[in-house]
Amino acid sequence: MKQYEWVTQSPEETMNIAMQLAMCLQPQDVIALEGDLGAGKTTFTKGLAKGLGIERNVNSPTFTIIKEYRGRLPLYHMDVYRLEEMEEDLGFDEYFFGDGVTVVEWAHLIQSYLPKQLLKVRIHHEGEQQRKIIFQPIGERYEQLCKEIVEK
């Protein structure tokens, strides 16, 4: 499976990659975001929000699970870390197949609820400020999306 990788030197560079991605996003796009605590998942999501024209402050929805933001497209920001032992569907399909873009932090914890096609984004510490960002497209739509970003 093809991957696309970047190494960023600052939170601003991480946000810039996310902003480039946001400019290519369409309704029903799903981003499965993974990374250790403090790796930059929320920073990446802030870049997506900025690229979607969202002016509100974006922060992690750890205790609320889902936060919604309005911009060029709605952004549904999920943090499912606390749902590890979930036994019921919380209406994820309404978000995944709705009119906006969905970002799921700790997506592996709800793997069985995720759409078959999505963009996996992994963020790893490479140093104090340095991060490695890996895009792994699953499905033709996301492969095209990655190619668009690389060509910019």
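Author: Happy to! In α2, the buried residues are Lys41, Phe44, Thr45, Gly47, Leu48, Ala49 and Gly51. Buried means under 20% relative accessible area, exposed means over 50%, and partly exposed is in between, with a 1.4 Å probe and protein chains only. Helices (H or I, at least four residues) and strands (E, at least two) are DSSP runs, numbered from the N terminus.

Reader: Thanks! Before we go on, what kind of model is this?

Author: This is a predicted model, where local features need pLDDT of at least 70 and side-chain atom pairs count only at pLDDT 80 or more, while totals for chains, interfaces and linings use all residues. Residues are numbered from 1 along each chain as its sequence is written, and side-chain values use heavy atoms, with hydrogens and water left out.

Reader: Good to know. What do the buried residues of α2 pack against?

Author: They pack against α1, β2 (30-35), β4, β5 (101-105), β6 (118-125) and β7. Contact here means heavy atoms within 4.5 Å.

Reader: Can we zoom in on Thr45? Is Thr45 buried or exposed?

Author: Thr45 lies in helix α2, and with 0% relative accessibility Thr45 counts as buried. Not counting residues up to four places away in sequence, Thr45 touches Leu33, Val58, Leu75, His77, Val103 and Glu105.

Reader: And what comes after α2?

Author: Gly53 follows α2, and its phi is positive, near 80 degrees.

Reader: Let's turn to the helix pair. At what angle do α1 and α2 pack?

Author: Helix α1 (residues 11-22) packs with helix α2 (residues 41-51) at an angle of about 45 degrees, and their axes are 7 Å apart. That makes α1 oblique to α2. Angles under 35 degrees count as roughly parallel, over 145 as roughly antiparallel, 65 to 115 as roughly perpendicular and the rest as oblique. Axes are lines fitted to C-alpha atoms, for helices over the stretch in contact, and angles run from 0 to 180 degrees between N-to-C directions.

Reader: Which residues make the contact?

Author: On the α1 side they are Pro11, Thr14, Met15, Ile17, Ala18, Met19, Leu21 and Ala22, and α2 brings Thr43, Phe44, Lys46, Gly47, Leu48, Lys50 and Gly51. By class, the contact of α1 with α2 has nine nonpolar, four polar and two charged residues. Ala, Val, Leu, Ile, Met, Phe, Trp, Tyr, Cys and Pro count as nonpolar, Asp, Glu, Lys and Arg as charged, and the others, Gly among them, as polar.

Reader: Thr14 is in that list. What else is Thr14 in contact with?

Author: Leaving aside neighbours within four places in sequence, Thr14 is in contact with Thr8, Gly40, Thr43, Phe44, Arg131 and Ile133. Thr14 is buried too, with a relative accessible area of 3%.

Reader: New topic: the sheet. What is the order of its strands?

Author: The open sheet of seven strands has the order β1-β7-β6-β2-β5-β4-β3, with mixed pairing. Two strands pair if DSSP finds at least two bridges between them. The edge strands, β1 (4-8) and β3 (66-69), each pair on one side only. On average, neighbouring strands of this sheet are turned by 20 degrees against each other, direction ignored.

Reader: How many bridges are there between β1 and β7?

Author: Five bridges, with β1 and strand β7 (residues 131-138) pairing in the antiparallel sense. Trp6 stands opposite Ile133 in β7.

Reader: What about Tyr76, buried or exposed?

Author: Tyr76, in strand β4, is buried, with a relative accessible area of 5%. Tyr76 and Val103 are 27 residues apart in sequence, and their C-alpha atoms are 6.2 Å apart in space.

Reader: Last one! Where does Trp106 sit?

Author: Trp106 lies in the loop between β5 and β6. Its phi is near 65 degrees, a positive value in a residue other than glycine. Trp106 is buried, with a relative accessible area of 12%.
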